[in-house]
Amino acid sequence: MELTTFWFAVIAFLWTGYFVLEGFDFGVGLLAPALSRNEAERKQVLGTIGPVWDGNEVWLITAVGAMFAAFPAWYAGLLSEFYLPVTLVLVGLIVRGVGLEWRGKVHHSSDRAWCDLGILVGSALPAFLWGAVFADLLHDSAIAALVGGVFSLSLCVLHGAVFVTLKTSGPVRARARRTAMVTSAVALPAAVVALSNIPAAGTAVADWAAAPWLWACALTAMAALAAGIALTWRGRDGWAFAATASSIALGSIALFGALWPAPLPGLTVAEAASGPYTLGMLTWIGLIALPFVLGYQAWSYWVFRKRLVAEVS
């Protein structure tokens, strides 16, 4: 495998991990006000992502850093073309981070309300804008961007609701399950529209019949999302979360498959890549560091795997 192909696959993997992990973070941040009726329940909901949300953001930092090092022309073109939405994403992530960190340190309800607002807005912006950015990148259409944004936002809410059902007990868990079923009425149709148009984008590959695996990924992603909804209804929380995570992962694979071999119009991966020496050094660094990072994050999820209960005041 050529190093340019290898690093494109690595970057696709990093973005996929980010979408899957931050997807439920954003969903939990969006749902916290709706799922909680008092301060104890609000802490229970936000506690599901408390130990992991900052680690999940590392996937974005790593993905963007790898793009900068391995494909500087792609990095520069993507960020300059979508300067405003990417800036709003960064503002949202900052505001959300401040809200999550400060919420446990303030003592007045008015201050907590500002933190909750920051968490809500800071979760909504990236959840909508990442879908809009990548849909516009594929189709160069405002309508496609709107559909992509609605799809990513609704999918994050559904993914977050399923995650809360997996990680909580009591009334919060019941509300989260009901919310997941209600959200599915938007998420599933949006998924059908958005995912079915990924292989038909025609941005990078002239003959889509030569790449049937893209259709297979898109269709399997839809099926996994439908399975996640059915499993949630049946109370199979672990399998439901695995299904929604698989749906996001498969959709992301189809997305980056559609971007190969021209991640930007008129710019191929070979033209965007760094020199062989740089890619070689990056490969050695990645092979050494990545297993430790993945191992540490897997260990952290294992440590915080238990369900949370609301504290009795």
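The expected span of a helix is 1.5 Å times one less than its number of residues. The views below come from a predicted model.

**View 1. Helix H3, its length and its buried face.** H3 covers residues 53-70, 18 residues in total. At 1.5 Å a residue these should span 26 Å, and the end C-alpha atoms are 26 Å apart, so the two values agree. The buried residues of H3 are Trp53, Asn56, Glu57, Trp59, Leu60, Ala63, Ala66, Met67 and Ala70. Their packing partners are H1, H4 (72-81), H5 (83-103), H6 (109-139), H11 (269-272) and H12 (276-303).

**View 2. Helix H8 and its bend at serine 184.** H8 has 26 residues, which should span 38 Å at 1.5 Å a residue. Its end C-alpha atoms are 37 Å apart, which agrees. At serine 184 the helix bends by about 40°.

**View 3. Valine 186 in H8.** Valine 186 belongs to helix H8 (residues 171-196). Its relative accessibility is 45%, so valine 186 counts as partly exposed. Leaving aside residues up to four places away in sequence, valine 186 touches Val150 and Ser154.

**View 4. The largest nonpolar core.** This core holds 86 residues. Trp15, Tyr18, Phe19, Phe71, Trp74 and Phe256 touch the most other members. Helix H1 (residues 3-35) gives the most to the core, with 18 residues. Phenylalanine 256 touches Phe8, Ala12, Trp15, Phe19, Trp74 and Phe134, not counting residues up to four places away in sequence.

View 5. The whole structure contains 21 aromatic pairs. In one of them, the rings of phenylalanine 8 and tryptophan 74 have centres 5.5 Å apart and planes at 20°, so the pair is stacked. Phenylalanine 8 lies in helix H1 and tryptophan 74 in helix H4, so the pair ties together parts 66 residues apart in sequence. Phenylalanine 8 is buried, at 6% relative accessible area. Tryptophan 74 is buried too, at 2%.

View 6. The ring centres of phenylalanine 24 and phenylalanine 241 are 5.7 Å apart, with planes at 65°, so the pair is edge-to-face. Phenylalanine 24 lies in helix H1 and phenylalanine 241 in helix H10 (residues 237-259), so the pair ties together parts 217 residues apart in sequence. Phenylalanine 24 counts as buried at 1% relative accessibility. Phenylalanine 241 counts as buried at 16%.

Technical notes:
Residues are numbered from 1 along each chain as its sequence is written. This is a predicted model: local features need pLDDT of at least 70, side-chain atom pairs count only at pLDDT 80 or more; totals for chains, interfaces and linings use all residues. Side-chain values use heavy atoms; hydrogens and water are left out. Helices (H or I, at least four residues) and strands (E, at least two) are DSSP runs, numbered from the N terminus. Buried means under 20% relative accessible area, exposed over 50%, partly exposed in between (1.4 Å probe, protein chains only). Contact means heavy atoms within 4.5 Å. A nonpolar core is a set of buried Ala, Val, Leu, Ile, Met, Phe, Trp, Tyr and Cys residues joined through side-chain atoms within 4.5 Å. The bend at a residue is the angle between axes fitted to the seven residues ending there and the seven starting there. Rings of Phe, Tyr and Trp (its six-membered ring) pair if their centres lie within 6.5 Å; planes under 30 degrees apart count as stacked, over 60 as edge-to-face and the rest as tilted.
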